[in-house]
Amino acid sequence: MLRVPVHAIQPGMVLARPIALPTKPDRPLLQRDCEIPMDLVPHLKRFGIREVWVRRRPFEFLEDLLDEGAIEHHRRVYLQVRRNFEAILRDSTLEIDVAGLEKAVGELLAFLRSSDGSLALFEQLDAFDNYLMAHSTNVCYLALVLAMNLQRRSIAERHVEQAQDLADLRLLGLGCLMHDMGKMLVSREIVHKPGKLDAREMAEMRRHTTYGYQMVRRHVPPQAAQVVLHHHQRWDGSGYPRLGDSRTGRELPPLAGSEIPIFCRIATVADVYDAATMRRCYSEAKLPVQVLCEMRHQCRGFFDPQIESVFYQTVPPFPIGQTVGLSDGVEAVVVDFHPSSPARPRVKRLRSPKGEALPPHAQEEIDLRDVPELEIAWVDGQDVRPYTACQQSSVPEPALA
Ligand SMILES: [Fe+2]
Ligand SMILES: [Fe+2]
């Protein structure tokens with residue numbers, strides 16, 4: 001079973017997993033074991049589907065890793081978000097079904113706790129139908145997995161206070177689902193503008209944090225509402241909103257470092273990652289490896305270094321099942337992820353440099369940690385070497401002075 005980008009689908013390919021639209025998770029567009037009709041391919045692109053899983057020997061063993069339960073829960077949370085957001089858009093009165101959202105987050109969390117909670121096979125929902133809803137759901141999922149890994153580390157390192165702050169992750173999930181809700185009050189022309197926003201538009205766009213906070217603060221516990229208000233607040237004191245003192249009207253100094261509530265620090269990392277890996281009205285989707293590299297360089301100082309380091313151990317730059325080109329010209333498939341050495345996963349050789357399928361005895365597995373002269377060079381026709389160089393370890397780059 002392999003991940004195949006939609007543009008690389010070929011006649012005769014058979015699905016290893018159903019293709020479902022987020023809006024209709026119970027009624028897949030195409031069932032497992034179906035041959036993909038070539039005339040459907042342009043429609044898949046239009047729906048925003050980027051890749052499909054197809055059957056391929058000898059990668060059947062990847063099917064055992066794939067947890068359909070995680071995907072199912074992810075979609076269920078999405079449906080709850082959708083129901084709520086649509087109700088708000090329809091009635092323009094705020095009737096958030098907090099109990100429904102909390103229940104969906106609670107079930108997702110319980111599931112993640114019972115599984116290995118890894119993101120190796122994470123399926124990002126795409127934005128074909130509504131960016132805001134898909135993005136909110138993805139951020140919730142990513143933030144929960146990140147927080148669970150952080151929690152494990154806090155307990156292992158006996159950071160009792162931090163472990164206590166992370167106690168009720170349902171509130172983190174709830175805050176993430178609502179984090180960009182305020183964008184529903186920003187004009188559509190600004191939210192969907194394909195070009196760069198001017199200063200006035202940018203100021204209005206940035207108000208989505210305070211608009212959202214006003215929408216939710218009476219309905220959810222403070223830890224969830226804070227995520228909505230502070231998810232653009234950066235560790236180094238940059239970011240927004242800048243709040244005013246209610247007595248004097250003067251602008252307060254920005255929140256920075258550990259003054260920013262921990263759920264907001266987690267949400268901010270998940271938010272930046274998901275926004276950059278999704279297709280937007282003004283940009284194409286980027287590969288995970290590129291986004292992770294940009295986060296290390298362009299976002300220096302933005303994130304809590306401990307959370308950032310756990311994030312790099314959580315999100316694989318090369319997802320399992322992805323076909324990659326090695327620097328010796330061989331085509332291979334990623335079959336495992338090493339959290340401590342994210343850019344050097346375990347791969348299985350598939351095709352020779354001339355593009356010929358390798359015979360079974362030559363399809364050996366290579367742990368790239370053991371072969372320093374070999375690296376992943378290509379993904380989907382893109383040279384990724386500039387991005388892998390900065391990801392040899394899970395430790396973030398030092399912040400700029
Ligand atoms: Fe936001
Ligand atoms: Fe966001």
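Okay, let's start with the metal: along the sequence, the donor residues of the iron ion (ligand 1) follow the spacing D-x27-H-x22-H-H. By donors I mean N, O and S atoms within 2.8 Å of the metal (3.2 Å for Na, K and Ca), and water is not among the atoms, so sites may look incomplete.

Quick housekeeping. This is a predicted model, where local features need pLDDT of at least 70, side-chain atom pairs count only at pLDDT 80 or more, and totals for chains, interfaces and linings use all residues. Residues are numbered from 1 along each chain as its sequence is written, chains are lettered from A and ligands numbered from 1 in the order in which they are written, and side-chain values use heavy atoms, with hydrogens and water left out.

Back to the iron ion (ligand 1). Its protein donors are Asp180 (OD), His208 (NE2), His231 (NE2) and His232 (NE2), at 2.1 to 2.3 Å. The angles among the four donor atoms run from 85 to 178 degrees, and the site is irregular. For the label: four donors are tetrahedral if all angles lie between 85 and 135 degrees; four are square planar and six octahedral if opposite donors are over 155 degrees apart and all others between 65 and 115; anything else is irregular.

So which residue bridges the iron ion (ligand 1) and the iron ion (ligand 2)? That's Asp180, and the two ions lie 3.8 Å apart.

Now the helices. Helices (H or I, at least four residues) and strands (E, at least two) are DSSP runs, numbered from the N terminus. Axes are lines fitted to C-alpha atoms, for helices over the stretch in contact, and angles run from 0 to 180 degrees between N-to-C directions.

Staying with α5: α5 and α7 pack at about 155 degrees, axes 8 Å apart. That's why α5 and α7 count as roughly antiparallel; the scheme is under 35 degrees for roughly parallel, over 145 for roughly antiparallel, 65 to 115 for roughly perpendicular, and oblique for the rest. The α5/α7 crossing is right-handed, and a crossing is left-handed if the near helix is turned anticlockwise from the far one by less than a right angle, right-handed if clockwise. The contact (heavy atoms within 4.5 Å) includes Val139, Ala143 and Met148 of α5, with Leu172 and Cys176 among those from α7. By class, there are ten nonpolar, four polar and no charged residues. Ala, Val, Leu, Ile, Met, Phe, Trp, Tyr, Cys and Pro count as nonpolar, Asp, Glu, Lys and Arg as charged, and the others, Gly among them, as polar.

Next partner for α7: helix α4 (residues 98-114) packs against α7 (residues 169-178) at about 120 degrees, with axes 9 Å apart. The pair is therefore oblique, and α4 passes α7 in a right-handed crossing. Among the residues making this contact are Leu101, Val105 and Arg113 of α4 and Arg170, Leu174 and Met178 of α7.

One last pair. The axes of helix α13 (residues 288-298) and helix α14 (residues 305-314) come within 12 Å and cross at roughly 165 degrees, and α13 and α14 are therefore roughly antiparallel. This crossing is left-handed. Leu292, Met295 and Arg296 from α13 meet Glu308, Phe311 and Tyr312 from α14, which gives four nonpolar, no polar and two charged residues.

The Tyr240 to Pro241 peptide bond is cis, omega near 5 degrees, and Pro241 is in the loop between α11 and α12. Then there's Asp33: not a glycine, yet its phi is positive, about 70 degrees. Asp33 lies in the loop between β1 (2-5) and α1 (41-46).
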